[in-house]
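Subject: The structure you asked about

Hi,

Here is the structure, ready for you to open. Have a look around, and then read my notes below.

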Amino acid sequence: MKLTVWTYEGPPHVGAMRVATGMHGLHLVLHAPQGDTYADLLFTMIERRGSRPPVTYTTFQARDLGADTANLFRSACRDAWERFRPAAMIVGASCTAELIQDDPGGLAESLGLPVPVVALELPSYSRKENFGTDETFLRLVRALARPVARTQAVTANLIGPVALGFRHRDDVAEVTRLLSGMGVGVNAVAPMGATPADLARLGAAHFNVLMYPEHAEAAARWMERELGQPYTRVVPVGVGATRDFLQEVGRIAGLPVRADESCLRLPWWSRSVDSTYLTGKRVFVFGDGTHAIAAARIARDEMGFDVVGLGCYNREMARAVRAVAAAHGLEALVTDDYLEVEAAIAAAAPELILGTQMERHIGKRLGIPCAVISAPVHVQDFPARYAPQMGWEGANVIFDSWVHPLVMGLEEHLLTMFREDFEFHDGAGPSHLGAGSHGPGGPPGPLAAAVGPASPAPARAAPAPVSSAVAAWLPAAEDELRKIPFFVRAKARRNTERFAAERGLAAIGVDTLYEAKAHYAR
């Protein structure tokens, strides 16, 4: 664990909360100090839930540590059962309470409650939130699911969606529609929306659709081994992946593939726009492993982008992400340190970032547009409208979401032609993103308005300069720099200043600019 301003994942007990909050009739009793109740806000504020998560905290304080904290936990369990009457309970400890070693599982078992009580063992100091969701769901499935007779018609379980997930609600609806088109029904959706009774009849389905490997792959493997249910490996995010998914479902279920692509618009729209609008745009992709891999495929194969960076923050997906990155000729960035991500983005100088809420902030500082593709996300990424990421409609939503932050082709030409104009100078940024949105050139200002950020990116996010002194730009060099396309101008400016610093130059002229260009082109 470490102290940080931002974090991609919380501790594993937050993952357990995501499972419990997504389900019905399940209650989590969490051995935790008073301060750990902050996690409630993740669901009520960010996800806009109308009720608190089904979690009871022991909320012990410092003065309790010298007394009997085990009794506090027993009382909390008993009170939770009497007040909420859940069909099942899960018990565990937060990262702080783990140090006390009170054994929540054993304490809950000693109470003899009349419902199943599943004990969680979540190593808070070595694993994180996504592990918490995966492990919690696995333990619930192992405790509750039993072999039962298969349904007469072909059905599948949709496993993996949880509370606080990126578009999980709408993805479930889209995947259900895809399966229905092939004559496959849905036996259960879990954890989100399921009850303990639903988990007990998971074995009735003919196979499992693994929607989010981060949250349910361990359970999928257990059900394949113990219940004889195969599971899908393809996550249907993007046109190509959706077609592959339907082919895989057809093989598993022994059914002909039927795909209604009448609502699909992404392929035609991505071919119909101005070629300078999409083709060859440099993108940096970072998020959870599942969405990052899917985004890289869509970016290159379906949008015509050039992927210049790819990575993930969850180390459980590192091997898969590294394999995909190698196919793109890249070295994968696997880290949960947002400062490393920021430095990599600054060095790659992409025209678009596809990332999380963290990369949205990074993009604002670096003057690079960003589209969110993965959790962690903020409140604006839980839209009221239908906005899936999976299936045909998901592909349409992705196209709109990724294209929206970019400067449109015609506007890009206008910015080049009328770069001195008060309205079209590229320092003003894309017109459709509002007056407060500025492109890589930063807000308009005297001379520097169209050529550089209003305030430079933090030193840690860019290659370390050789000298702290920055050479002054001569007016002729400033004019020449403005002729460089705005989406690579910031990198050209940094390289030129670095070139001048290495040679001890006090001023940058036109010759210096072209000498730097020739130097870095070698």
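Ala294 is buried because its relative accessible area is 10%, and buried means under 20%, with exposed being over 50% and partly exposed in between (1.4 Å probe, protein chains only). The C-alpha atoms of Ala294 and Gly240 are 9.7 Å apart, although 54 residues separate the two along the chain.

Some housekeeping before we go on. Keep in mind that this is a predicted model, where local features need pLDDT of at least 70, side-chain atom pairs count only at pLDDT 80 or more, and totals for chains, interfaces and linings use all residues. Residues are numbered from 1 along each chain as its sequence is written, and side-chain values use heavy atoms, with hydrogens and water left out.

The big picture

The protein has 21 helices and 14 strands. Of its 522 residues, 54% are buried. Take the contacts (heavy atoms within 4.5 Å) between residues at least 6 apart in sequence: 70% of them join residues at least 24 apart. The protein exposes about 22,400 Å², and carbon and sulfur atoms supply 55% of that; these areas come from the Shrake-Rupley method with a 1.4 Å probe, and for residues only the protein chains shown count as cover.

The cores

A nonpolar core is a set of buried Ala, Val, Leu, Ile, Met, Phe, Trp, Tyr and Cys residues joined through side-chain atoms within 4.5 Å. The largest one has 55 residues, and the members that touch the most others are Leu179, Val209, Val285, Phe305 and Trp402. Apart from it lies another core, of 48 residues, with Met17, Leu140, Leu164 and Val372 among them.

Leaving aside residues up to four places away in sequence, Val285 touches Ala292, Ala295, Ala296, Val307, Gly309, Leu310, Gly311, Leu354 and Ile373.

Met303 is in the loop between helix H13 (289–302) and strand S9 (306–312). Met303 counts as buried because its relative accessibility is 3%. Among the residues that Met303 touches are Leu266, Ile298, Phe399 and Trp402.

Tyr57 belongs to strand S2 and, at 10% relative accessibility, counts as buried. Its contacts include Met17, Leu30, Asp36 and Arg52.

Helices that cross

How do H1 and H6 meet? The axes of helix H1 (residues 12–22) and helix H6 (residues 129–144) come within 6 Å and cross at roughly 50°. Axes are lines fitted to C-alpha atoms, for helices over the stretch in contact, and angles run from 0 to 180 degrees between N-to-C directions. That makes H1 oblique to H6: under 35 degrees is roughly parallel, over 145 roughly antiparallel, 65 to 115 roughly perpendicular, and the rest oblique. Residues in the contact include Val14 and Val19 of H1, and Phe137 and Leu140 of H6.

Helix H19 (residues 475–482) and helix H21 (residues 510–521) pack at about 45°, with their axes 7 Å apart. H19 is therefore oblique to H21. Ala476, Ala477, Glu480 and Leu481 of H19 meet Val510, Leu513 and Tyr514 of H21 there.

Most residues other than glycine have a negative phi, and most peptide bonds are trans. Now look at these. The bond from Ala190 to Pro191 is cis, with omega near 0°, and Pro191 lies in the loop between strand S6 (185–190) and helix H8 (196–200). Another cis peptide bond joins Ala375 and Pro376, where omega is about 5°.

As for phi, Arg48 has a positive value near 60° and is placed in the loop between helix H2 (40–46) and strand S2 (55–57). The phi of Leu164 is positive as well, near 65°. Leu164 is in the loop between strand S5 (155–159) and helix H7 (168–181) and counts as buried because its relative accessibility is 12%.

Happy exploring!

Note on methods
Helices (H or I, at least four residues) and strands (E, at least two) are DSSP runs, numbered from the N terminus.
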